[in-house]
Amino acid sequence: FGPIFSRNFRAGVVSMTPRQQMLRMISHGSDLGEGQGTFLSSVINLSAASMGCSILALPRVFAVCGMRWSLVFLVTFSLWVELSLRWLVACGRFSGGCGFKENAQYFLGRRAAKLVHFCQVLLLCGGIVMIFVTASSLLGCSARELLASLCTEEDGPPALSGTLATLCRAHPAPCMSPQRVLTLIVLVVLPLACQKSLHSLTGVSMLSFVCLAYFFIVLLLRLAHRAFTAPALSMDLMEMSQQELPPFWQGPPVLLMSFLCHTTVLQLDSELCLEAKAKVSRVIRVVIFGMALPCYAVVGAGGLWLFGGRVSANVLQDFTNDPWMAAARLTLGLMNVAKLATAVITLREALVSLAPSSRARKRLRSFEGRLLMGSVALVLGALAAYAIPSLTAVLSLLGCTVGVLFSLCLPAALYAMLLRRVSRTRGYKRDLEAPLLAPQRETGPPPVSLPSSDVEWTLQWLLCAAVFTGGLFVGGLGLMSWVRDPC
């Protein structure tokens, strides 16, 4: 605990014993090195990282698993993810690391850190494929759908509608083939992926979040219109048959993947100001329980209600002659193309860090190295997206492998090792029972606190075991189901 305690001593916290400083560090973080992050900015950043385009595949998952089981999985996974995020914050504050690799090396050793880093590379590769699949499915017919919806829009001015209708009949916009869409995406993104950094794209995640919010609002309007013009929700949707649908266990990994924001929370916590550090658990609960869970439930159930069991893997493909959804389809597709450059650069830097020498890393960071690595990453990602064109299939494969690892299994293992280290510290129970944090009670209870009794200690161990075992169970069944029927 030397590096952590020395920072606290320099900050003036000299009246506490080393054990007390350790517990204070886990609860409130370091007093030094605080960032400028606030409660509001943390909520926005974490929600933007969590609520990605995987939300478009949720209606298909609800069709695969049925309404009841989908809601059960959503609630269960939200509880598990909220726990695992708070566990990661505790481990990061204890070790001082801002990433999975650093925490894995601190708690599990160097070999485990290398394995975790390799799995992070796989997660980035899967993310690139997912972006390719989403962008190609959204952009292939977006121009045609936008023109057609504007031509057939009955609410617009008659003269404008007539002009657009004539234009569409005279020059119809054809749908591009998947091969052409993927090729164009590669050609457009390659120059950006060869750059050293992409400071101009730092707001892409926020723009993508705004586009998803726009899609959610339009979907609510369509659901309200359906509620006034169609019968009430049929109970048949609660017992949806599984004919012509993927196996049941391919659905839960997609739901779990929709909550994945664990690679962001450690860096986010390190950049919080001192006042906001005490509210990090509230940030996590607002994002998971207040934003992600209700939005996912509404989108999944609403898409299933609108289109039934034949809903597409990307629900936006099912909205035809709708100019508002066509606009959402086009903007989300372009946002995914912009995010692809950032994903490729992140993957490139992760691969460069694996180089055995500084000379090799220098060569890989040269223009020729960036061009080669960017081209290989984009071409392989496009080929994989062409081979697996279903967004649900890609999300299911990612969710039952690296998604389960980073969202459930690894946080549970790291926190279990944290409990083990603290339990070996003599006198930790006395320190836990002492009023160590009395001066900071104004900010509320500690956001990440360790057990203060034998019963709570046993409960924490059981929770770690339950989350770890549950992750292995969902991932194993999902992987076996995916191997049997990857479509």
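Predicted model: local features only at pLDDT ≥ 70, side-chain atom pairs only at ≥ 80, totals over all residues.
Start by selecting helices α5 and α21: α5 passes α21 in a left-handed crossing.

**Stop one: α5 against α21**

Colour residues 67–95 for α5 and residues 454–484 for α21; their axes come within 11 Å and cross at roughly 120°. The two helices are therefore oblique to each other. Now show side chains. From α5, pick Phe77, Trp80, Leu83 and Trp87, which make the contact with Gln460, Leu463, Cys464, Val467, Gly470, Gly471 and Val474 of α21. Sorted by class, this contact holds 8 nonpolar and 3 polar residues, with no charged ones.

**Stop two: α7 against α19**

Next, hide that pair and bring up α7, residues 110–139, with α19, residues 391–423. Here the axes lie 10 Å apart and the packing angle is about 150°. Angles over 145 degrees count as roughly antiparallel, so that is the label for α7 and α19. The crossing of α7 past α19 is left-handed.

For the contact itself, select these two sets:

- on α7: Val116, Cys119, Gln120, Leu122, Leu123, Gly126, Gly127, Val129, Met130, Val133 and Thr134
- on α19: Leu391, Val394, Leu395, Leu398, Val402, Leu405, Phe406 and Leu410

What's the make-up by class of the contact of α7 with α19? You'll find 15 nonpolar and 4 polar residues there, and no charged ones.

Leaving out residues up to four places away in sequence, Phe406 touches Val116, Cys119, Gln120 and Leu123, along with Phe100, Leu260, His262 and Pro411.

Now zoom out to the largest nonpolar core, which has 127 residues. Phe406 is among those with the most contacts inside this core, as are Leu56, Phe132, Phe215, Leu340 and Leu378. Which helix gives the largest share of this core? That's α19, with 17 residues.

**Last stop: Thr392**

Stay on α19 and select Thr392, which sits in this helix. Is threonine 392 buried or exposed? Its relative accessible area is 8%, and under 20% counts as buried, so Thr392 is buried. To see what surrounds it, show Ala57, Arg60, Val254 and Ala313: these are the contacts of Thr392, setting aside neighbours within four places in sequence.

Definitions and conventions:
Residues numbered from 1 in each chain as written. Heavy atoms only, no water. Axes fitted to C-alpha atoms, helices over the stretch in contact; angles between N-to-C directions. Helix = DSSP H or I, 4+ residues; strand = E, 2+ residues; numbered from the N terminus. Parallel < 35°, antiparallel > 145°, perpendicular 65-115°, else oblique. Left-handed = near helix turned anticlockwise from the far one by under 90°. Contact = heavy atoms within 4.5 Å. Nonpolar A, V, L, I, M, F, W, Y, C, P; charged D, E, K, R; others polar. Core = buried A, V, L, I, M, F, W, Y, C linked by side-chain atoms within 4.5 Å. Buried < 20%, exposed > 50% of the residue type's maximum accessible area, 1.4 Å probe, protein only.
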